[in-house]
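User: I'm new to this one and would like to talk through its charged side chains. Could you show it to me before I start asking?

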Amino acid sequence: EVSGFPLHLDGKFVLFNSSRDITERKQAEAAREEALSCLQKIASRVPGVVFQFRRRVDGSFCVPYASEALRDLYRVSPDAVRDDASPVFAVVHPDDLPAHLASIATSGQNLTPWHQEYRLKFEGEPDLWLQGNAVPQREADGSVLWHGVVNDSTERKKAEEKINELAFFDQLTGLPNRT
């Protein structure tokens, strides 16, 4: 790396130059880029959204990292929630939002794993069920950072409903078959 600046010395302009070897820094940057690329390739193959979710000290939320699957489930880009996670919360079903926020608060306060099943609501479409799991850690600045994954559990929920229906209702008449 070479840098230089002109100096006025004894009525003459002199160019002062300095140089330093930045080989190690460039190698470290290349290694970091390679590791990030590897992580993104792995995350793209995992079903669901691989994410980092942060609750800042001021109580606001952001998503420093989310795999591209965020677009499919939440219909927002990872860049759109990097500094402000409100677009993610905006699509959580209104009936599920209080419990969803409470589960995050409890996990962050106690630093216990977060497990939550909740729905997303999109206008004119059936609800989408999600299953979320993450592990929190407290950061040096007091914020909490979760690392986790959210998967679509809609088909499993439909299967559970069907099993419940078959177990407790007559298939032909639809009447309850157990007390």
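User: Okay, which residue forms a salt bridge with D79?

Analyst: D79 pairs with R82, and their closest N and O atoms are 2.7 Å apart; a salt bridge here is a side-chain nitrogen of Lys or Arg within 4 Å of a carboxyl oxygen of Asp or Glu. This is a predicted model, in which local features need pLDDT of at least 70 and side-chain atom pairs count only at pLDDT 80 or more, while totals for chains, interfaces and linings use all residues. Residues are numbered from 1 along each chain as its sequence is written, and side-chain values use heavy atoms, with hydrogens and water left out.

User: Is D79 buried or exposed?

Analyst: D79 is exposed, at 55% relative accessible area, whereas R82 is partly exposed at 34%; buried means under 20%, exposed over 50% and partly exposed in between, with a 1.4 Å probe and protein chains only.

User: What does E117 meet in a salt bridge?

Analyst: The side chain of E117 meets that of K157, at 3.5 Å from N to O. This pair links distant parts of the chain, 40 residues apart, with E117 in strand β5 (residues 114–120) and K157 in helix α5 (residues 154–168); helices (H or I, at least four residues) and strands (E, at least two) are DSSP runs numbered from the N terminus. K157 is buried, with a relative accessible area of 15%, while E117 is partly exposed at 27%.

User: Switching topic, how many salt bridges are there in the whole structure?

Analyst: A search of the whole structure finds 14 salt bridges, and a network of them links E1, R20, R25, K26 and E29.
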